[in-house]
Amino acid sequence: MKEISIREVNENIVSLIADGWGLLTVKSENGCNPMTVSWGSIGELWGSDTATVYVRESRYTKPLMDSEDYFSLCFFDADKKDKLAYCGAKSGRDTDKVKDTGLTAVYDENAPYFSEAKIAVICRKMAALPLESSVLSDEIKKKWYADSDFHTIYFGEIEKVLISD
């Protein structure tokens, strides 16, 4: 993979996240845990290029994100969407999603990423902000949080962007 600046990415970032989905990946005791994400953003905050990701309290990824300083966001070609769907449907508590999907985890950065990714964004966690019921509209609470399983928003400074050659 070749390193570029996030500002050199030619892909539509909103489409990458919302339509193509991505894998949020963080170290775990067994190597790493990928979790499918379709909510998030990439932009500028606090004088840095940043990525934000959202993790529900109930997810296996949540305590991993809380304990680690780095995470990655990986984006793939459309032919890998079944693998991303699997990583969103299964929990790392119960299965080894990397083994099950056949993806190849790479550990040569501060956060694991996947060699099959077309774009890998390596981030250093800057902050975590729990979403609370009191700050959300009734409409959002009813539609997205009827079960009260709220998200924590993680803010990461983008330290490196890798693209497939």
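Is Lys118 buried or exposed? Lys118 counts as buried, at 17% relative accessibility. Here, buried means under 20% relative accessible area, exposed means over 50%, and partly exposed is in between, with a 1.4 Å probe and protein chains only.

Some ground rules. This is a predicted model, where local features need pLDDT of at least 70 and side-chain atom pairs count only at pLDDT 80 or more, while totals for chains, interfaces and linings use all residues. Residues are numbered from 1 along each chain as its sequence is written, and side-chain values use heavy atoms, with hydrogens and water left out.

Let's stay with Lys118. Its side chain meets that of Asp77 in a salt bridge, 3.9 Å from N to O. Lys118 lies in the loop between strand S8 (113-114) and strand S9 (119-130), and Asp77 lies in the loop between strand S6 (70-75) and helix H3 (81-89), so the pair ties together parts that are 41 residues apart in sequence. Asp77 is partly exposed, at 45% relative accessibility.

Two terms need cut-offs. A salt bridge is a side-chain nitrogen of Lys or Arg within 4 Å of a carboxyl oxygen of Asp or Glu. Helices (H or I, at least four residues) and strands (E, at least two) are DSSP runs, numbered from the N terminus.

Why might such pairs form? Side chains of opposite charge can pair when their charged atoms come close. How many salt bridges does the count give? The count comes to ten salt bridges.

One of them joins Glu3 and Lys160, again with 3.9 Å from N to O. That pair links distant parts of the chain: Glu3 sits in strand S1 (residues 2-4), Lys160 sits in strand S10, and 157 residues separate them. Lys160 is partly exposed, with a relative accessible area of 22%. Another salt bridge runs between Asp79 and Lys80, with their closest N and O atoms 3.6 Å apart. Asp79 is exposed, at 57% relative accessible area. There is a network too: salt bridges with shared partners join Glu3, Glu109 and Lys160.

Next, the strands. Two strands pair if DSSP finds at least two bridges between them. Strand S4 (residues 40-45) pairs with S5 in the antiparallel sense, over six bridges. Within that pairing, Ser41 has Thr52 in S5 as its bridge partner. S4 and S5 form a hairpin with two residues between them, and Trp46 in the turn has a positive phi of about 55 degrees. S5 is also joined to strand S10 (residues 151-163) by seven bridges, and these two run antiparallel. There, Val55 stands opposite Thr152 in S10.

Let's zoom in on S5, which covers residues 48-56 and includes Thr50. Thr50 is buried, with a relative accessible area of 4%. What does Thr50 contact, leaving aside its neighbours within four places in sequence? Its partners include Ile42, Leu45, Met126 and Ile158. Contact means heavy atoms within 4.5 Å.

Ile42 is found in strand S4. At 22% relative accessibility, Ile42 counts as partly exposed. Not counting residues up to four places away in sequence, Ile42 touches Ile6, Ile13, Thr50, Ala51 and Ile158. Ile42 and Ile13 are 29 residues apart in sequence, with 7.2 Å between their C-alpha atoms.

Now the cysteines. A disulfide is a covalent bond between the sulfur atoms of two cysteines. The rule here asks for a pair of cysteine sulfur atoms within 2.5 Å. How many disulfides does that rule give? The count is zero. Cys74 is in no disulfide, and the nearest cysteine sulfur, that of Cys32, is 9.1 Å away. Cys74 is buried at 0% relative accessibility, and Cys87 is buried with a relative accessible area of 0%.

Last stop, the largest pocket. About 200 Å³ of space lies in it. A pocket is an open set of points on a 1 Å grid over the protein atoms alone, where a 1.4 Å probe fits, with protein on both sides within 12 Å along at least five of seven lines; lining residues have an atom within 4 Å of a point. Grid points are joined across faces, edges and corners, and the volume is the space filled by probe spheres set on the points. Which residues line the largest pocket? Among them are Met35, Trp39, Tyr54, Arg59 and His151. Strand S3 (31-37) and S5 each supply at least two residues of that lining.
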